[in-house]
Amino acid sequence: GRLGGEEAIVATIGVGMALTCLRTSHLITRFRPYLVFHFGSAIALREDVHRGDIIIADRYYLQGVDFSSDGKSAYGQFPGFPEFLTSDTAINNQAEAAAYALGGAYVERGFLVSGDKDYVDSKDVAGIVSRHYQGSDRIAAYDTSSAGVALACHLGETALLTAKAISY
């Protein structure tokens, strides 16, 4: 269909890093978008992030990926790839400004950790984050899809905007 006069595609991509990466890669290859919007929900990992808040992701970390025994890679890093994936700062700045102009829920910029496991207790994830990621105080939330989408966008050289509502 069309959104604001531009051709747009709306798709559900599933849960889990591998599935979301594969489906997003397929869509990027087929349609060559200049921007991917990724929306959904996440678990808060910081005490200052609450249910109903919106997280705009600046970085994405992959949880459960461990090639660190090669001596060159960090936990969550595929060899030859960055230690974490990033969003386009200018796009995130525009999204944050628009969100504040609309009012409503609290908007927070932060980092996301994504893995394949669906946790029900943020304390379980917080332990993993504190053990494996430097600067974990900036990691705001956990979900099961964002890093897969970010990886597909990185490979497809496509800009990404992720906004996640905190569900618990």
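Begin by selecting Cys-21 and Cys-153, whose sulfur atoms lie 9.1 Å apart, too far for a bond, although Cys-153 holds the closest cysteine sulfur to that of Cys-21. A disulfide is a covalent bond between the sulfur atoms of two cysteines, and here the term is applied to a pair of cysteine sulfur atoms within 2.5 Å. A search of the whole structure accordingly reports zero disulfides. Cys-21 counts as buried at 11% relative accessibility, and Cys-153 is likewise buried, at 2%, where buried stands for under 20% relative accessible area, exposed for over 50%, and partly exposed for what lies in between, with a 1.4 Å probe and protein chains only.

Before going on, keep in mind that this is a predicted model, in which local features need pLDDT of at least 70 and side-chain atom pairs count only at pLDDT 80 or more, while totals for chains, interfaces and linings use all residues. Residues are numbered from 1 along each chain as its sequence is written, and side-chain values use heavy atoms, with hydrogens and water left out.

Next, select Ile-55, Tyr-60, Leu-160 and Ile-166, the residues with the most contacts inside the largest nonpolar core, which has 25 residues. Such a core is a set of buried Ala, Val, Leu, Ile, Met, Phe, Trp, Tyr and Cys residues joined through side-chain atoms within 4.5 Å. Among the elements that give two or more residues to this core are α1 (17-31), β4 (54-62) and α4 (146-155), and α4 supplies the largest share, six residues; helices (H or I, at least four residues) and strands (E, at least two) are DSSP runs, numbered from the N terminus.

Stay with Leu-160 and display its surroundings: leaving aside neighbours within four places in sequence, Leu-160 is in contact (heavy atoms within 4.5 Å) with residues including Leu-35, Tyr-60, Val-149 and Cys-153. A second, separate core of 13 residues can be picked out through Leu-45, Phe-111, Ile-128 and Ile-139.

Now move to His-154, which is placed in helix α4 and counts as partly exposed at 37% relative accessibility. Not counting residues up to four places away in sequence, His-154 touches Phe-81, Pro-82 and Leu-85.

Finish with two loop residues. Arg-32, in the loop between α1 and β3, has a phi near 50°, a positive value in a residue other than glycine, and is exposed with a relative accessible area of 56%. Glu-157, in the loop between α4 and β8, has a positive phi of about 50° although it is not a glycine, and counts as exposed at 76% relative accessibility.
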